[in-house]
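Please keep the structure open beside the text as you read.

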Amino acid sequence: MGGIVAGHLGDRVGRKALLVVSLLCMGTASTLIGLVPNFDAIGWWAAVSLVVLRIAQGLSAGAEWGGSALLSVEHAPARKRGLFGSFTQIGSAAGMLLATSSFFLVQSLMSDEAFESFGWRIPFLASAVLVALGLWIRLGVSDAPEFQELKDSGKVAKAPLREVLTAHPRVLLITIGLRLAQNSVFYLITVYMLSYLSDNRGDSTSGVTAVMIASAVGLVTGPAWGWVSDRIGRKPVTIFGLIGIAVFGWIFFAFLDSGPLGLLPLVVILGMNLAHDAVYGPQAAWFAEQFPIEVRYSGVNMGYQLGTVIGGGIMPMVAALLYVAGGHSPWLICGYLTLLCVLSLIAAIGAKDPARALARTAA
């Protein structure tokens, strides 16, 4: 919902304005979570407050990606959009690394009792520093000349969301499809793997460590794949990644069942940084290239967020159900991931690839 609302406003008002609003909303909600009184103090209002603040975070997160992706891509030279856009993508890896490491640090410096009492609040309160830094950066950035010219001419779309649904439904389906496999394997690795290892191997730490290592590696591999997509096109890079994800799913669960967990970081790097990042790294640029500028924010945001919900948001729940349906074997999960890869592959084949045409011209 945040992505849809922000897309409409971003196409009419501007990318920068929505990014400032989303940052303030996210930062305020995150900081206030650290200040919510406990149940003993205010009873069920503590739970209500937490849910309301989490909803505010969700709306902000939905608004965030499209604006940052478009600002990066629209300011980039035509032959470097993949590289510039990839820096939006590594925000996911950097955020995962920063959030996990901050809680790990606080926990390691405190007793369990102190952490449960007040220590858990410290990372939330410390997020106010990130808000101040982010606000300083964003206020110094302007909308790209391409969009500013459109706005100055008075030709902004009056109902960009409706125009996306009526004039660009095929492109919208393509962007949704491109998210399915990539986001699903991300949630399988970063969420479902942790409970799977705990339930089946009695290990609650190896998965977290592997995700942190892969997140750190992602700070390099995300831009690397974006750069490669500028050189040879988005389509071949994405197709390589999707085939890699399909193969990885089967290897991944076979390893989780019986492989040496000391090698888990290497396996996760293969899935996350080699396969997943090949799809995710160029995604900001490729999504932006699918839509005309007057409806770009709405189209990109709707495709990205719907694909996130359908592909990744429900994946841990679907995986848990398929595990039971498969007789407590992961083969149905692997088959489901392979099916999503096929759907994403169809979307990739149907997407236009102006970067590939530019690369051929340069060659």
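Burial comes up throughout, and here a residue is buried under 20% relative accessible area, exposed over 50% and partly exposed in between (1.4 Å probe, protein chains only). This is a predicted model, in which local features need pLDDT of at least 70 and side-chain atom pairs count only at pLDDT 80 or more, while totals for chains, interfaces and linings use all residues. Residues are numbered from 1 along each chain as its sequence is written, and side-chain values use heavy atoms, with hydrogens and water left out.

Let us begin with alanine 320, which is partly exposed because its relative accessible area is 35%. Alanine 320 belongs to helix α16; helices are DSSP runs (H or I, at least four residues), numbered from the N terminus. Although alanine 320 and tyrosine 192 are 128 residues apart in sequence, their C-alpha atoms are 8.1 Å apart in space.

Glutamine 107, in helix α5, is also partly exposed, with a relative accessible area of 43%. Between the C-alpha atoms of glutamine 107 and glycine 119 there are 7.5 Å, and the two are 12 residues apart along the chain.

Histidine 328 sits in the loop between α16 and α17 (331-350). With a relative accessible area of 54%, histidine 328 is exposed. Most residues other than glycine have a negative phi.

**A nonpolar patch**

Leu306, Val309, Ile310, Ile314, Met317 and Leu321 make a nonpolar surface patch of about 540 Å². The elements that give two or more residues to this patch are α15 (296-313) and α16 (315-325). Helix α15 gives the most, with 3 residues, and valine 309 lies in that helix. For such a patch, residues need over 30% relative accessible area and no salt bridge, and nonpolar side chains (Val, Leu, Ile, Met, Phe, Trp, Tyr) are joined within 5 Å. The areas come from the Shrake-Rupley method with a 1.4 Å probe, and for residues only the protein chains shown count as cover.

**Salt bridges**

A salt bridge here is a side-chain nitrogen of Lys or Arg within 4 Å of a carboxyl oxygen of Asp or Glu. By this rule there are 7 salt bridges, and the table gives some of them.

| Arginine 15 | Aspartate 11 | 3.4 Å |

Arginine 234 and glutamate 289 are both buried. Their pair links distant parts of the chain, 55 residues apart: arginine 234 is in helix α12 (residues 234-258), and glutamate 289 is in the loop between α14 (283-288) and α15. Salt bridges that share partners also join Asp11, Arg15, Glu74, Glu146 and Arg296 into one network.

Which parts of the chain does the pair of arginine 296 and glutamate 74 tie together? Arginine 296 lies in helix α15 and glutamate 74 in helix α4, so the pair joins parts that are 222 residues apart in sequence. Arginine 296 counts as buried at 11% relative accessibility, as does glutamate 74 at 9%.

**A pocket and a cavity**

On a 1 Å grid over the protein atoms alone, a cavity is a set of points where a 1.4 Å probe fits but cannot get out, whereas a pocket is an open set with protein on both sides within 12 Å along at least five of seven lines; lining residues have an atom within 4 Å of a point. Grid points are joined across faces, edges and corners, and a volume is the space filled by probe spheres set on the points.

The second largest pocket has a volume of about 180 Å³. Its lining includes Met1, Val5, Leu9, Leu18, Cys25, Leu59 and Ala63. Two or more lining residues come from each of α1 (2-12), α2 (15-33) and α4 (45-75). By class, this lining has 9 nonpolar, 3 polar and no charged residues. Ala, Val, Leu, Ile, Met, Phe, Trp, Tyr, Cys and Pro count as nonpolar, Asp, Glu, Lys and Arg as charged, and the others, Gly among them, as polar.

The structure holds 1 cavity of 30 Å³ or more. Of its 15 lining residues, Ser92, Ala93, Gly218, His276 and Asp277 are the closest to the centre. Helices α5 (81-109), α11 (206-232) and α13 (264-280) each supply at least two residues of this lining, which divides into 7 nonpolar, 7 polar and 1 charged residues.

Definitions and conventions:
Patches are made of residues with over 30% relative accessible area and no salt bridge: like charges are joined within 9 Å, nonpolar side chains (Val, Leu, Ile, Met, Phe, Trp, Tyr) within 5 Å.
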